[in-house]
Amino acid sequence: MRAVPVTPRGVTDEENSHLDRADSRLVRRRSLRLLGSLLAPLKRLFVLTVVLVVAAQAAKAAGPALIARAIDVGIPAAQDGSWGPAVLTGAVYVVTALVAGAATAGYIRLAARVSQSILLDLRQRVFRQTQRLSLEFHESYTSGRIISRQTADLDALKELLDSGITSLASGFLYMMFVGISLFLLDWQAGLVLLVAVIPVWLITRWFQKRSQVLYRISRVASARLIVNFVETMTGIRAVHAFRREDANNRTYADLTEEYRHNNARTMGLNGIYDPALQLTGNVTVAVAMAFGAFRVLDGQLEVGVLIATLLYTKRFFQPVGQMAMFYNSFQSAAAALEKISGLLEEVPTVRQAERPVPLPTASGHLRFEHVRFGYGKDSVVLPDLDLDVPAGQTVALVGQTGAGKSTVAKLVSRFYDVTGGRLLLDGVDLREVTMRDLRRAVVMVTQEAYLFSGTVRDNIALARPDADDAAIEAAARAVGAHDFITALPEGYDSDVNKRGGRVSAGQRQLISFARAFLADPAVLILDEATSSLDIPGERLVQRGLQTLLADRTAIIIAHRLSTVAIADRVLVMSEGRVVEDGAPEDLIGGTGRYAALHQAWQDSLV
Amino acid sequence: MPSDHPGRQRTDPSTNRTDTSTDSPSHSAGHTATETADSAGGATAGASSSARPGSTPMEPSALPPSTAVVATLARLYPFFRPAIPRFVAGMLCALGASLCALGIPQALRWAVDGPLMGAVGSSDRTGIWQAIALVLGLGVLEAGLIAARRAFILIPGTKVEASMRLALFRHLQDLPSAFHDQWPGGQLLSRSMSDLGMLRRWLSFGLVMLVVNTSTIAVGIGLMVHGGGWLGIAYLAGALPVIWFSYRFSSRFRRISRLSQDQAGDLATTVEESVHGIRVLKAFGRGREAYQNFSVQADQLRRTEMNKARTLGAFTFAITAISEVMLGLCLLAGVWLAIEGQISVGDLVAFFATAVVVAGPVEQLGHLVSMTLYAKTAVDRYFEVLDSPNTVADPEHPRRPDEVRGQVQFDGVHFSYPDEPTPDQTWRDPDRPRERPRTEVLDGIDLEIRPGETMALVGLTGSGKSTLISLVPRLFDVTAGTVRIDGVDVRDYSRHHLREIVSIAFEDSTLFSATVRENVLLGAPQGHDGEEDLQRALTVAQAQFAHALPRGVDTTIGEEGLSLSGGQRQRLALARAVAARPRVLVLDDPLSALDVATEEAVTAQLRQELAGTTTLVVAHRPSTVALADRVAVLQDGRISAVGTHTDLLATHEHYRFVISSLVDPVSAGPEDAAVPPSTRSAEVGF
């Protein structure tokens with residue numbers, strides 16, 4: 001898929017590692033922009049870190065000079081009975097040593113602060129972004145990939161930040177310093193060094209091009225590994241039940257090998273790059289030596305100067321390994337940032353209006369005006385829906401799978417936006433309402449009652465974090481969950497463990513019902529929210545619902561007609577249209593689909 | 001419990017309460033990492049932990065840190081063994097490269113002193129060419145050796161990582177559900193990815209540099225002692241405080257790095273849950289709270305990392321300052337000794353020249369030691385999982401009856417969920433007394449399902465029905481009693497064979513990211529006509545909608561594909577169980593998400609399909625019960641009655657209470673009950 005350059009690319013084409021030139025530049029620039037925006041607020045701290053790095057390097061560089069001075073000046077002076085210079089040099093040596101140590105300790109801390117601030121910032125941005133993105137996005141972008149963005153990709157960046165700043169600053173400055181000294185000493189030797197820059201540049205270009213692709217592949221491979229890992233561990237019961245262990249092992253082994261192989265290739269590339277730079281340095285020393293030695297022979301150069309130039313040339317290349325390492329982790333981090341910046345670039349399809357209308361207290365009047373909706377471009381689920389639900393009415397949606405019941409629920413809770421027409425809450429288009437007000441006004445309870453790790457109490461309080469214990473308990477009582485909760489080992493403080501391991505599916509639904517009760521919204525949507533309850537449980541919920549729904553708008557989707565029975569109005573849906581609409585008693589008395597459905601259900605009861 | 005640790009940040013994104021929950025079931029690992037570190041992998045830690053029950057967790061380790069590090073890293077041996085020759089070769093190359101690097105200045109000096117000086121004024125240029133050739137040769141050799149070192153080490157480094165990653169995955173897949181219920185996913189993932197990645201970097205860089213640097217330092221100091229006499233010994237004396245600092249540093253750093261790795265795992269768990277629970281968070285508009293909660297956790301990790309950097313900074317300061325101050329003192333002493341004539345100026349120059357060479361590696365030591373400690377913690381964390389014993393293991397000599405008739409028998413089955421300590425308690429104190437007696441979910445189940453019979457299991461929500469049926473394919477093991485198939489204890493079958501015999505459809509239907517075909521045929525026997533199985537299963541489960549998907553049965557579904565409704569997922573899960581052609585079929589409320597019409601169609605098909613297959617089906621509705629020949633009522637952890645639906649309806653009050661929506665539970669008198677109503681059933685709702 002080739003996106004037009006002007007549109008944000010986001011995560012489309014994320015798995016493609018062989019980008020053409022323009023695309024490659026585009027994503028690279030995007031990731032550098034992200035890095036820049038992360039660094040911007042830390043500019044001063046960053047500069048301070050670099051200053052400390054310089055100070056530490058300078059203090060370290062002073063050491064040998066001081067030793068030379070102690071030997072050249074201190075000893076002769078002391079022999080003459082004057083200990084002053086020797087003691088002074090020794091003292092200065094100790095002081096510079098302490099300065100070097102302190103500056104090093106300082107920049108380690110500062111660099112960590114810079115790096116950790118960046119990571120925190122980025123973590124928060126990614127988290128906020130994933131929460132902001134619409135369900136539509138989450139349905140195609142797997143949880144494993146988001147996790148891999150948040151873990152493995154950030155690890156790559158962490159590696160760069162942890163060692164990068166200091167090695168770049170110290171290495172670069174050191175080379176600059178040595179290079180300038182060399183020029184001042186003997187500009188002709190300096191020219192040799194300049195020539196040596198050419199192969200360094202060529203090698204670096206080569207490395208950049210190759211490693212860019214490999215690191216992209218590496219990010220994709222690591223994401224695949226994580227996706228597979230997360231999926232297997234999340235579905236471990238099914239894995240066991242259907243004996244998928246061996247097949248999974250094979251898949252995972254392939255993915256591991258793919259990741260390993262690619263890692264080996266990137267490391268191999270680096271294994272060429274680093275020695276090649278080293279080689280360039282060493283050859284340059286030999287060339288400089290040849291160049292200088294014959295000038296010495298011709299009497300154009302002092303031997304002392306030659307020695308000095310050679311030592312400088314050698315030193316110039318000393319931090320080359322460090323720089324290569326920096327560049328390597330930079331490439332790796334840049335590839336990771338490409339993926340992260342792509343995720344951050346995604347625009348939620350459902351988003352708050354620029355000038356939202358506040359709706360602090362909604363009454364719950366819903367109105368569908370020629371609502372049209374389809375998932376994706378080609379599908380049409382709701383061709384043209386007109387519907388008016390007065391505030392306080394309880395509406396039951398009935399119909400076959402695929403009739404569009406859940407779609408209606410998702411539109412009302414604004415998990416999706418309508419493709420055509422309008423959906424109004426209290427006369428305000430849903431797209432105009434602030435997200436905060438909308439979430440307060442409309443709450444949906446779905447069939448899959450996800451519990452977060454933590455206590456039962458925490459899970460109920462999710463609906464209203466400021467609720468006190470009494471309110472939480474009242475909500476649980478209202479839906480008939482109180483008894484089973486108190487029977488748990490630690491009552492409301494029992495840990496539900498991973499994926500609600502200890503509570504049954506029915507109990508999970510009760511907890512999720514209690515959430516809805518606590519949330520106290522103007523519009524409540526129940527999408528198959530009672531499917532796992534047993535009959536006594538359902539009976540209790542029913543009773544709770546009658547109080548709960550008394551003064552609020554409700555949309556109930558249930559194939560159990562017992563739940564439907566409490567509705568004021570039943571809508572029978574078929575292929576996205578309402579085919580029957582009326583009070584349940586009236587429909588039962590008729591000859592329509594609902595009457596038939598009701599009869600069948602009656603027959604199944606005992 | 002230590003009071004100064006950042007505490008367990010609740011992973012529940014809903015609550016903004018960040019109080020330190022000191023209650024037992026907290027997942028957060030690493031409050032007391034010191035002890036973990038001591039026990040070197042945790043597996044054999046029983047003795048050492050119980051030996052000091054009252055020890056404060058923050059107490060520094062009793063063992064010398066080096067031993068613990070070495071002991072932990074020694075556990076890598078089985079993974080590392082194939083890589084050893086290449087590692088040794090790589091290390092030799094590294095040492096050779098260092099020697100070359102040291103040799104180049106010597107060659108320069110020799111060239112300048114010898115051929116160059118000799119040639120000035122003469123026209124003999126061969127010597128100079130020779131010298132240049134020598135410098136060039138050493139230079140090329142150094143680069144070559146560096147390349148060789150990398151080539152030797154990079155492949156085995158990645159292989160060790162890959163084999164350990166694979167071993168972890170295998171082990172995790174082998175471990176029973178009970179384990180996975182206890183361990184948060186992020187903690188497992190961070191072990192598999194971050195920790196092993198860390199280990200690889202350490203193996204291919206840290207370890208080599210550590211060896212090279214240590215030997216450089218040792219050789220350098222040796223030369224200094226040899227050439228400088230007392231000066232060298234004085235310098236060496238500086239090593240004593242360095243060792244003391246290293247000791248203090250390593251115990252502190254280990255604790256912090258453990259904490260940081262554990263916090264990173266918790267953070268990954270939070271991310272995982274926030275994505276898996278995104279619908280709930282969106283439905284209640286709790287994105288902000290989730291974000292705040294995540295931020296607090298991420299900030300804790302940041303603080304820990306800062307703490308780590310401070311510790312590392314202090315250590316680096318200590319070793320740099322000590323060695324350099326010692327050098328400064330040596331400088332003064334050297335001047336004095338030189339004047340006294342006890343040492344030549346030449347020796348003094350050599351002494352300090354060597355000292356300068358040693359200074360670099362000494363300074364890097366802090367970084368390398370910290371990297372090593374970090375790798376050690378990573379290995380500890382890794383083996384914690386790899387060492388977890390499999391409580392649901394295969395028997396040594398599995399039974400494999402020729403023909404399975406499919407008779408299932410529960411005999412005095414008791415079950416309570418393994419209230420085993422949560423991961424962090426394992427290393428805190430395995431002998432910690434349990435806080436409360438275990439609550440038994442199943443309290444003596446006796447039940448026989450005849451071959452080919454369909455038995456419905458009816459009981460209240462939370463009465464243990466799902467638990468009971470998951471004992472058949474050994475997703476859990478009984479605490480007491482036995483489950484038998486054809487008279488053979490299920491624990492005597494191999495798990496693979498057992499799960500071939502027994503197929504299960506769960507209530508929450510997990511589908512994998514694969515095509516419909518692959519998902520349905522997941523457990524299907526090999527060698528059969530897949531297509532026929534597929535069609536039959538789809539028909540039975542009324543999942544014909546699959547044909548209407550964009551690419552028919554080859555449409556990818558699951559997380560990475562098309563999302564299906566709850567009812568659709570449930571039907572595919574049912575189709576999957578049917579397609580496996582099991583002798584024993586276990587269904588957990590398989591029709592709960594289906595509408596009345598579909599349910600009816602599925603029931604009719606299933607009844608036909610199940611003829612001859614022993615089936616145990618959990619039922620909440622009369623419509624599901626209709627599948628069954630007989631019904632068993634699960635009440636208070638026991639089977640209180642077995643009979644036909646009609647009989648039970650007439651005689652069993654609790655059954656009527658559970659299954660009938662026509663009977664008003666209050667008016668149903670106890671006089672016609674076969675079994676006296678239990679206290680629990682009398683309380684409405686539980």
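Predicted model: local features only at pLDDT ≥ 70, side-chain atom pairs only at ≥ 80, totals over all residues.
Two residues are in contact when heavy atoms of theirs lie within 4.5 Å. Keep that in mind for what follows.

Start with Arg260(A). Where does Arg260(A) sit? Its place is helix H8 of chain A, which covers residues 245-297. Is Arg260(A) buried or exposed? Its relative accessibility is 9%. Buried means under 20%, so Arg260(A) counts as buried.

What does Arg260(A) touch? Leave out residues up to four places away in sequence, and the list is Ile155(B), Thr158(B), Lys159(B) and Ala162(B). Arg260(A) also has a polar partner: a contact of 3.0 Å links its side chain to that of Glu257(A).

Now the surface of chain A. There is a nonpolar patch here. Its members are Phe183(A), Trp187(A), Leu191(A), Leu194(A), Val195(A), Val197(A), Ile198(A), Trp201(A) and Leu202(A). Together they have about 920 Å² of accessible area. Which helix gives the most to the patch? Helix H6 of chain A, residues 187-234, with 8 residues.

Take one member, Leu194(A). Leu194(A) lies in helix H6. Its relative accessible area is 48%. Exposed would need over 50%, and buried under 20%, so Leu194(A) is partly exposed.

Last, chain B as a whole. Chain B has 24 helices and 12 strands. Of its 686 residues, 59% are buried. Look at contacts in chain B between residues at least 6 apart in sequence: 78% of them join residues at least 24 apart. Chain B exposes about 25700 Å², and carbon and sulfur atoms supply 58% of that area.

Definitions and conventions
Residues numbered from 1 in each chain as written. Chains lettered and ligands numbered in written order. Heavy atoms only, no water. Patch = residues over 30% accessible without salt bridge, like charges linked within 9 Å, V, L, I, M, F, W, Y side chains within 5 Å. Areas by Shrake-Rupley, 256 points an atom, 1.4 Å probe, with all protein chains shown as cover. Salt bridge = Lys/Arg side-chain N within 4 Å of Asp/Glu carboxyl O. Helix = DSSP H or I, 4+ residues; strand = E, 2+ residues; numbered from the N terminus. Buried < 20%, exposed > 50% of the residue type's maximum accessible area, 1.4 Å probe, protein only. Polar contact = N/O pair within 3.5 Å; in protein donor to acceptor, adjacent residues only side chain to side chain.
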